[in-house]
Amino acid sequence: MNTNFIDNFYYILTFITPRIQNSIKMLNDITVNQIQEIRIRQNRPVVIVSNNGCSFLTSNGKLSSIISSNCIYPTENDITDTVNKMCGYSMHSHYEDILNGYITLPNGSRIGITGTAVYSGDTVKGIRNIDGLNIRIPRKISGLCDEIFNKIFKYRLHNVLIVGPPSSGKTTILKDLIYNLSSGSNGYFYKVSVIDERKEISSSIMNSEMLGPNTDVLLGFPKSIGISMAVRTLSPDIIVCDEISFNEINSITNAINCGVSFVFTIHAKNYDELNKNNLYKSMLKTSCIDYVVLLKDSFDPGKIKSIIKNC
């Protein structure tokens, strides 16, 4: 059994309201070890997403393939209690995260939220009446990036784009890759800078240490600002960041022109969808990508489908 996953799982459970938490604790170890997400929605059955798809949690600690009166239906109080615990009873301190649709726990787990947008003019200024939570259970799996190392980083650094649909293991691959680049796995201890805007790769000193001995983390900085800061002050060999956008292209291009390599991720289901992505097309024009790593799907997270070299 993956002890790292189990530790994360039971840590996250401490933030869930007792009525739901107690039923989850009754699940057997085999079932627990396959859980990928816990979805808690107000007045709708709790959904457990695992390797086998979606099931519904019952009050007696079982998973059901059908919706029945035995399923747990979270109330408004259940959601409020869980959100308050996740925010450390200080929602104000999580304002920016909530505005972006998530809550970050101290161990780096990111909880997606749903609710009603609060507007000021044409701008969303907050979210009220939170009525849904998507709890993704993080996993650290060693050896995921071995194929990437052997095919891409065996002799030198390159610019690598990691692509996959949601929950395909992009962040998990990144963590393993960062550790190996920083830890001399191919005979050289590269200086790695991680720009972790959403605090999902590393959210604490303990987690930073798990990213390797030669890794610097800029936590919570917008990626465009963090990239520029890293180039100016940290002299990185390679910069790693998750889920890039058009806002970062200029910063990435400038850093590459300074001799820095990159690993970054974007969402796409497959190579055909990627080729229709305007962000990808823009990056190809600026020669920001040497290799594309395509991941499989959410039912096989962290597994590589193919590695493509850009000519």
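This is a predicted model: local features need pLDDT of at least 70, side-chain atom pairs count only at pLDDT 80 or more; totals for chains, interfaces and linings use all residues.
Reader: Why is helix 7 called largely enclosed?

Author: Because 11 of its 13 residues are buried, the rest of the structure largely encloses helix 7. Buried means under 20% relative accessible area, exposed means over 50%, and partly exposed is in between (1.4 Å probe, protein chains only). The buried residues of helix 7 include Lys170, Asp176 and Asn180 as well as Ile173, Leu177 and Leu181. After helix 7 comes glycine 184, with a positive phi near 75°.

Reader: Which residues of helix 2 (residues 18-25) are buried? And how do you know where they sit around the helix axis?

Author: Ile20, Gln21, Ser23 and Ile24 are the buried ones. Viewed down the axis of helix 2, they fall within an arc of 165°, so they line one face of the helix. That arc is taken from the directions between the helix axis and the C-beta atoms.

Reader: What makes the pairing of lysine 85 and aspartate 81 a salt bridge?

Author: A salt bridge is a side-chain nitrogen of Lys or Arg within 4 Å of a carboxyl oxygen of Asp or Glu. For lysine 85 and aspartate 81 the N to O distance is 3.7 Å, so by that definition the pair qualifies. The two residues are four apart in helix 4, and so about one helical turn separates them. An α-helix has 3.6 residues a turn, so residues three or four places apart point the same way. Lysine 151 and glutamate 147 form another salt bridge, at 3.2 Å, and they too are four residues apart, in helix 6 (residues 146-151). The structure holds six salt bridges.

Reader: What does the salt bridge between glutamate 243 and arginine 110 tie together?

Author: Their closest N and O atoms are 3.7 Å apart. Glutamate 243 lies in the loop between strand 11 and helix 10, and arginine 110 in strand 6 (residues 110-120), so the pair ties together parts that are 133 residues apart in sequence. Arginine 110 counts as buried at 12% relative accessibility, whereas glutamate 243, at 24%, is partly exposed. Glutamate 243 also has a positive phi of about 50°, although it is not a glycine.

Reader: How do you know whether tyrosine 89 is buried or exposed?

Author: Its relative accessible area is 58%, so tyrosine 89 is exposed. Tyrosine 89 sits in the loop between helix 4 (76-86) and helix 5 (95-99), and its phi is positive, near 60°.

Reader: Why is glutamine 36 called buried, and which side chain does its own side chain contact?

Author: Its relative accessibility is 12%, so glutamine 36 counts as buried. This residue of strand 1 (residues 35-41) makes a side-chain polar contact with asparagine 51 at 3.0 Å. A polar contact is a pair of N or O atoms within 3.5 Å; within protein, one must be able to donate a hydrogen and the other to accept it, and residues adjacent in sequence count only if both atoms are side-chain atoms.

Key. Residues are numbered from 1 along each chain as its sequence is written. Side-chain values use heavy atoms; hydrogens and water are left out.
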